[in-house]
Amino acid sequence: MVDETANSQRQAALDYHKFPKPGKLEIRATKPLANGRDLALAYSPGVAEACLEIKADPDTARDYTARGNLVAVVTNGTAVLGLGNIGALASKPVMEGKAVLFKKFANIDCFDIELNEADPYKLADIVCALEPTFGAINLEDIKAPDCFIVEKLCRERMNIPVFHDDQHGTAIVVGAAAVNALHVAGKRFEDIKIISTGGGAAGIACLNMLLKLGVKRENVWLCDIEGLVHHGREKDMSPQKAEYAQGSTPATLADVIEGADLFLGLSGPGVLKPDMVARMAPRPIIFALANPNPEIDPDAARAVTPDAIIATGRSDYPNQVNNVLCFPFIFRGALDAGATEINDEMKIACIEGIAALARATTSAEAAAAYSGEKLTFGADYLIPKPFDPRLMGVVACAVAKAAMETGVAKRPIADLKAYKEKLDGSVFKSAMIMRPVFEAARTASRRVVFAEGEDERVLRAAQAIMEETTETPILIGRPDVIESRCERAGLKIRPGVDFNIVNPENDPRYRDYWETYHGLMARRGVTPDLAKAIMRTNTTAIGAVMVQRDEADSLICGTFGQFLWHLKYVTEILGTPALHPVGALSLMILEDGPLFIADTQVHPEPTPEQIAETVIGAARHVRRFGLEPKIALCSHSQFGNLDCDTGRRMRGAMAILDSAPRDFAYEGEMHVDAALDVDLRSRIFPAAHLPGPANTLIFANTDAASGVRNILKMKGGGLEVGPVLMGMGNRCHIVTPSITARGLLNMSAIAGTPVAHYG
């Protein structure tokens, strides 16, 4: 069975690399090349202009080429993690993978370069010759001590950052884990005794970094396959190891482990025995980082010392020491600041940023990526998870700041706060477009009630709401269930302490609520017994009654169930002659900008009057996002060329809109391509009064609107914000079951902004 599983995993890995096309990378053009003019600009003769600008001022290469965002991942394949000296060609899948991580985590472009060169001096010559092509160099999987030679020569001769990730990336993440492990254990760097096994590039770099963090050299004991590194030892020695020599007589790991506070293993499986752990200092810290099998199994270590603080290199144990926490973001900050090197101050800034993030509340995105894990700072959560999207903004910004403070930044960043917001916006795709809404929400103080308060997405959103806004959320749900789910999810918030709660099973306001509901619905067939039952079981109705009684300002519901089911209760309880559902507006955040779509939910076949209302409501809401509405009324008919139902209704809506002055641009009826393509629209209907491409599409039925929304979301990489329920005075918003915790946070900001803020 084990062999079958292994074979299955092997085949899956091979298929992943082979299909649908070989490899993990491709090159894409960033500029159009659709006609002769494009060709003349991209190549001869237009390319000469860019060449001459760079010749006159080499720094403009960043402006006219991809160099400023291009990193080389360079190896000779002599020390591939877990595989050893497999050669340059066989290492290519690993280097492609590293390039993918750069792109995924920091939007940095990479070329992987595998070189058939074993001589470190010749290898350094080749790397140095690559400087005109790249903004930085990432050395990878080069054996020790050759890696020390190559990096030293390249750093001396090149005027761009050169970073050996096996050394410094590992050292940075180990440093961050050590900072927090000592925090948990109540110990200090200057007091601890360290035992390290390995003596390779990563091990030496980690020890060097720990010294920079305050560890005393005389408190470090380094062992390798030959035993203790001591003065006078000749076998398997290097200048780097010699710096950590202790004593003058041979000794084993077992001889020196007594009283050790920190074990740092970068060696091989089974090196650290349980009886050795028992002899370490109280509350020992064990970093068993050998891959795939650590120096000691965490369960075996805890069987001897239950309070041990343990990190490994594996993703299936807590505290994975993974270089991806570091290298994408340290390069991001270095490239953006135009750093000529990555110095110690930048590395320490990286350590401090990573460590601080783990001590803060985990993000909803990280929690979603690591479902089932408890992500609360402590012995089992010393460092953030790789998919924590806050890493980009925090770490890259700290690195850029350190580069400027140490004088190695050729392009200092004038506004670090704006820079961090830009970085956050590149990760949280909704962050930039949502900023005006969040700014408005921060100046308001509105009470938002969540109908499905037991849902983990709602709980994570509640945590984020308290961190990012001035609101105190109200959750409907059973307190014991909410508390246990907060605990399970690793959230710090607790019901009744950090947020208010309504318990449908036992709430002192129950009588007031069912009587209020019965008073509203008595002449619509609702008896007192039915009102009582609904106020015990229907959390959407409970939330709507709270808003109706002015105990909350806005309701968010719909994380499960059908939209129109929720809408029925919302309309019955909160609807008035002045307030009625107009339509549902979804914001789709796409790579080339935002696009609003309506009506996706409310009116299956809207009348001309309902379409006109939707257009007016959409214009108002688009302005909430700091955008000027440009609205297209879309149908199968295009400017009267078909006498079809959707065309007639859209023409009727246009007549209503034209009957009074409007302070926004709109046009119709038209096809979607004409709405988005200005040239096409001008050819078909030169008199159209819609400037530029539309940013809002209004459809004649929910099938079309919802279909376009879902296609953009599932196939177009679009991120949805919404749907926003228009026409209800911001008193309720009904989301959809596919919404994420971040989506709920976005909706809470929309709900938390009074209508007066956006007209």
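**Notebook: strands, sheets, helices and loops**

I began with the loops and found Pro145 in the loop between β3 (136-139) and α7 (146-157). I note that this is a predicted model, in which local features need pLDDT of at least 70, side-chain atom pairs count only at pLDDT 80 or more, and totals for chains, interfaces and linings use all residues. Residues are numbered from 1 along each chain as its sequence is written, and side-chain values use heavy atoms, with hydrogens and water left out. Helices (H or I, at least four residues) and strands (E, at least two) are DSSP runs, numbered from the N terminus.

**Loops**

I checked the peptide bond from Ala144 to Pro145 and recorded it as cis, with omega near 0 degrees. The loop between β3 and α7 also holds Asp141. Asp141 is not a glycine, yet its phi is positive, at about 55 degrees. I then looked up the bond from Phe19 to Pro20, which is cis with omega near -5 degrees. Pro20 belongs to the loop between α1 (2-18) and α2 (36-42).

I examined strand β1 (residues 70-75) and strand β2 (residues 109-114), which run parallel and are joined by six bridges. Two strands count as paired if DSSP finds at least two bridges between them. Opposite Thr75 I found Glu114 in β2. With helix α5 (residues 92-106), β1 and β2 make a right-handed β-α-β unit. Right-handed here means that, with the strands pointing away from the viewer, the path from the first strand over the helix to the second runs clockwise.

**The five-stranded sheet**

I traced an open sheet of five strands, in the order β13-β12-β11-β14-β21 and with parallel pairing. At its edges are β13 (500-502) and β21 (732-734), each pairing on one side only. The twist from one strand to the next averages 20 degrees; axes are lines fitted to C-alpha atoms, for helices over the stretch in contact, and angles run from 0 to 180 degrees between N-to-C directions. Strands β11 (residues 448-450) and β14 (residues 554-557) pair in the parallel sense over three bridges, and Phe450 has Ile556 in β14 as its bridge partner. I noted helix α25 (residues 563-574) lying across β14 and β21, at about 170 degrees to β21. Contact means heavy atoms within 4.5 Å.

**The α22-α23 pair**

I looked up how helix α22 (residues 510-521) packs on helix α23 (residues 528-537): the angle is about 125 degrees and the axes are 9 Å apart. The two helices α22 and α23 are therefore oblique to each other; angles under 35 degrees count as roughly parallel, over 145 as roughly antiparallel, 65 to 115 as roughly perpendicular and the rest as oblique. The contact includes Tyr510, Trp514 and His518 of α22, and Pro528, Lys532 and Arg536 of α23.

**The six-stranded sheet**

I followed a second open sheet, of six strands with mixed pairing, in the order β18-β17-β19-β16-β15-β20. β18 (665-670) and β20 (719-726) stand at the edges with a single partner strand each, so one side of each has no neighbour in the sheet. Strand β15 (residues 583-590) runs antiparallel to β20, joined by six bridges. Leu585 is opposite Val724 in β20. Last, I recorded helix α27 (residues 645-658) across β17 (630-634), β18 and β19 (696-699), running at about 155 degrees to β18.
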